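Thanks for asking me to look this one over.

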Amino acid sequence: LDKEKMRMDFLDYFRKKCYKKHQKWKVVYEHFSDFCRGKCLLGEVTEDFCKRFQKYLLEGGRRDDRKGTLAHNSIAGYWSTFRALLKEAYQEKLLRENINDYLTKIEWKDTKIEFLSLDEVKKLAATPCKHEVLKRAALFSCLTGLRISDIQQLSWEHIIKAEDGYVMRLRTEKTEEETNLPISDETLALCGQRSEGLIFKGLKRHMVNHPLKEWIKSAGITIRITFHSMRHSFATLLAANGVDILTISKMLTHKSVKNTQIYAKVVDERAREASQVISLK
């Protein structure tokens, strides 16, 4: 039986896991498929094999034709996802031992968070965008902190009337956390007229590249802003306005408040800068 199991297609097992997982799993699958050249049996998944895949990621070869290597934190995230796959395979008794016990973690590095000020968010709101659905989705992210992966899947059945207003009842794709998030009437207005199916119909991933940059530039904003920066803006603006870190963590659907502490740190740094503005010299 063990010999038969060892001949199982591990790459196919990985691919099927992706169907129920976050988008990142699909990216890691593609890297892994390139690494093993499209073929990998369960019996080949050993400690040494996994360490070679780690080295492959650290060397940073990309699947596409873009120049450069993978960002360090992208590599750390991909490696963490692959280790999660190994853990599930072990729990399902496909692997005899938990290979993770012999693999080292790739530590994350602190990176500078880019975010919009409230005035800059208002500038965006007042600036026309070639893709109206992109504008509504980006502003929606600024007001809710939702990731684009969750916004793309957000449907009207997730917007529910509660006693004190409307809430979003959803399970986030990345953390798979179930939560009820209150939304304001202004935020709800960005969704448009209530109907059925997806709220932000027509929102495509490619829009967060050139179309987003074009819109931001036309608003007179010169800092490097991505769609994920909208989520950072939401959290930073909350922290700057005195919202406690536990509440922010809950609204961001973070599994741990440690992931939210970075926004408090950003606000502390701004406070330090502000303390230097007034000088008697």
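1. How many helices and strands are there in the protein? There are 13 helices and three strands, where helices (H or I, at least four residues) and strands (E, at least two) are DSSP runs numbered from the N terminus. Please keep in mind that this is a predicted model, in which local features need pLDDT of at least 70, side-chain atom pairs count only at pLDDT 80 or more, and totals for chains, interfaces and linings use all residues. Residues are numbered from 1 along each chain as its sequence is written, and side-chain values use heavy atoms, with hydrogens and water left out.

2. On the overall figures, 44% of the 281 residues count as buried (under 20% relative accessible area, with exposed over 50% and partly exposed in between; 1.4 Å probe, protein chains only). Taking contacts (heavy atoms within 4.5 Å) between residues at least 6 apart in sequence, 65% join residues at least 24 apart.

3. The three strands form an open sheet in the order β1-β2-β3, with antiparallel pairing (two strands pair if DSSP finds at least two bridges between them). β1 and β3 are the edge strands, each pairing on one side only. Neighbouring strands are turned by 35° against each other on average, direction ignored; such angles run from 0 to 180 degrees between N-to-C directions, and axes are lines fitted to C-alpha atoms, for helices over the stretch in contact.

4. Now for the pairings in that sheet. β1 (residues 159-162) and β2 (residues 165-171) share four bridges, and a hairpin of two residues joins β1 to β2. I160 has V167 of β2 as its bridge partner. Between β2 and β3 (residues 178-183) there are six bridges; M168 is partnered with L181 in β3, and R169 with N180 in β3.

5. M168 comes up again in the largest nonpolar core, which has 37 residues. A nonpolar core here is a set of buried Ala, Val, Leu, Ile, Met, Phe, Trp, Tyr and Cys residues joined through side-chain atoms within 4.5 Å. The residues with the most contacts inside this core are L124, F140, M168, F200, L203, F227 and M230. Two or more residues come from each of α6 (118-126), α7 (132-144), α8 (148-153), β2, β3 and α10 (210-218), and α7 gives the most, with seven. A second, separate core of 32 residues includes F10, F14, V45 and I106.

6. Leaving aside residues up to four places away in sequence, F200 touches V133, R136, A137, F140, I151, L154 and L190.

7. Helices α3 (residues 23-35) and α5 (residues 72-91) pack at about 90°, with axes 9 Å apart. That angle makes α3 roughly perpendicular to α5 (65 to 115 degrees; under 35 is roughly parallel, over 145 roughly antiparallel and the rest oblique). Among the residues in contact are W25 and F32 of α3 and Y78 and F82 of α5. By class, this contact has eight nonpolar, three polar and two charged residues.

8. Finally, two backbone angles to check. Phi of R37 is near 55°, a positive value in a residue other than glycine; R37 lies in the loop between α3 and α4 (47-58) and is exposed, with a relative accessible area of 78%. K93, in the loop between α5 and α6, has a positive phi near 65° and counts as exposed at 64% relative accessibility.

Notes. Ala, Val, Leu, Ile, Met, Phe, Trp, Tyr, Cys and Pro count as nonpolar, Asp, Glu, Lys and Arg as charged, and the others, Gly among them, as polar.
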